[in-house]
Amino acid sequence: MPYSSSNDPAVVYASGGVSRNPATGETIATYPYQTVDEVEATMQASAEAFRVWRDTPMEQRVAAYRRLAETLRERSDTLAALITAEMGKTIGAARSEIEKSAGTLDWLAEHGPAILADEPVSVDGDDEVHVSYLPIGTILGVMPWNLPIWQVIRASGPIMLSGNGFLLKHAPNVMGSAYALQQAYEASGFPKGLFGNLNTDNETVARVIEDPRIAAVTLTGSMRAGAAVAATAARALKKSLLELGGSDAFIVLADANLDLAVAAGIQARFGNSGQVCLAAKRFLLERPIAQEFTRKFVEAASKLKVGDPLDASTALGPMARHDLRDELHEQVERTLAQGAKLLLGGQKVEGPGNFYAPTVLADVAPGMAAFEEETFGPVAAITMVEDVEHAIALTNASEYGLGGSLWTADTARAQRIARRLETGGVFINGFSASNPRIPVGGVKKSGYGRELSHFGLREFTNPQAVWTKFVA
């Protein structure tokens, strides 16, 4: 249970998580790290619940999923307010996150059983062969703070429907959301302990990964965290799935509908205060339209209301933590020192909270901080390109490969271009939409493996081949 403690983040993070309102700086609650015995009990409870859940008929699992979707909707106002209080998301976006999570559970309940059903395979002769998608155990999920409910549902939903358990290691600033989600699972009829929370330090997480009761690990987060988790899992000969950062390109070609592209670009860059892995980060504009797009984009960005995330008219809430705002500002200053131009913003908003002004940088070139690094906040980097070949080259010049957008009137050409982009997803005349039917994941240093769709449902299963020969 939470307890009140110091307002100094260094003090709190040394011993546990803290929920601090990023709009005001006020501490909501702190959560002490679990003791060694509590971590052990959490892991053992999940292991025991898994043995029950794996043998639970699919129709009963589906019923629990439908109840969980209902529970999330019933608690939407409470959960949304908690999300907003803990990480600063606007209240409307927080409510949308809850509905998106519930909708994903509905889809899994409707379509998951067929995807996970035994799959017959035709072979020569009279032999009968099928593939069964069997659960493998308890999966550890290391999750980020930027979408504190949705990210967990996106990971745990497919994993648990296939019969696995799930232990959540959430970000320390959203532990309230973590415990609220655990309560929702248990209130919906899932075996107690099947979905559990691990509130502990990184050293203990490494030991948890090595524990034989953990079958695999999935992480959404930074490259540094991903590399550490993947290395630990590899040493233990366990599977890992990584969804890491992104520096997605937003390509606008000369024949694009600029008004639509600008409106989408504003949403794609500044939604959730720019704190989304799949957000547009680098705007690559073909020369003939670069000036007009930039003018319209800056004008639209300048009208975004920054302020109280509980106010329905607010477009841009605070960043989740003050240290993240400081890091973003340092990236902006380095980019400007490297020769980029400041068209809008570029400063912290004075007063309480972690607000940062919507910022637009122009003439951003390869080698500059905002081009090479992930900018996880409300900063757009604009680069002019000579033609589509130049746009493809700059898109692929990034060490990341999560997603990207491509705007053009020639959709047939766009589909050919998409095949040349080194990314896990391409959105033609759109941006970073997610749908439970569509896989999510990246390439290069954006990670590996896929969540959602049939890929995600089978990602943490044992595809067991069963070959039957009939004898007289």
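Helices (H or I, at least four residues) and strands (E, at least two) are DSSP runs, numbered from the N terminus. The structure is a predicted model, in which local features need pLDDT of at least 70 and side-chain atom pairs count only at pLDDT 80 or more, while totals for chains, interfaces and linings use all residues. Residues are numbered from 1 along each chain as its sequence is written, and side-chain values use heavy atoms, with hydrogens and water left out.

The predictor's confidence in each residue is given as pLDDT, from 0 to 100. For the protein chain the mean pLDDT is 95, and 97% of the residues reach 70 or more. Over residues 1–14 pLDDT stays under 50, and the model has 29 contacts for them beyond four places in sequence; a contact means heavy atoms within 4.5 Å.

An unreviewed UniProt entry places the feature "domain: Aldehyde dehydrogenase" at residues 20–466. UniProt positions are given in the numbering used here, feature names are shortened, and annotations may be inferred rather than shown by experiment. This span is 43% helix and 19% strand, and its end C-alpha atoms lie 52 Å apart.

Strands of a sheet pair through backbone hydrogen bonds, either parallel or antiparallel. Here, two strands count as paired if DSSP finds at least two bridges between them. The pairing of β15 (residues 404–407) with β16 is parallel and runs over two bridges; Leu406 stands opposite Ile428 in β16.

Ala362 has its place in strand β13. Its relative accessible area is 9%, so Ala362 is buried; buried means under 20% relative accessible area, exposed over 50%, and partly exposed in between (1.4 Å probe, protein chains only). Leaving aside neighbours within four places in sequence, Ala362 is in contact with Ala340, Lys341, Leu343 and Ile382.

In helix α2, the buried residues include Val39, Met43, Phe50 and Trp53.
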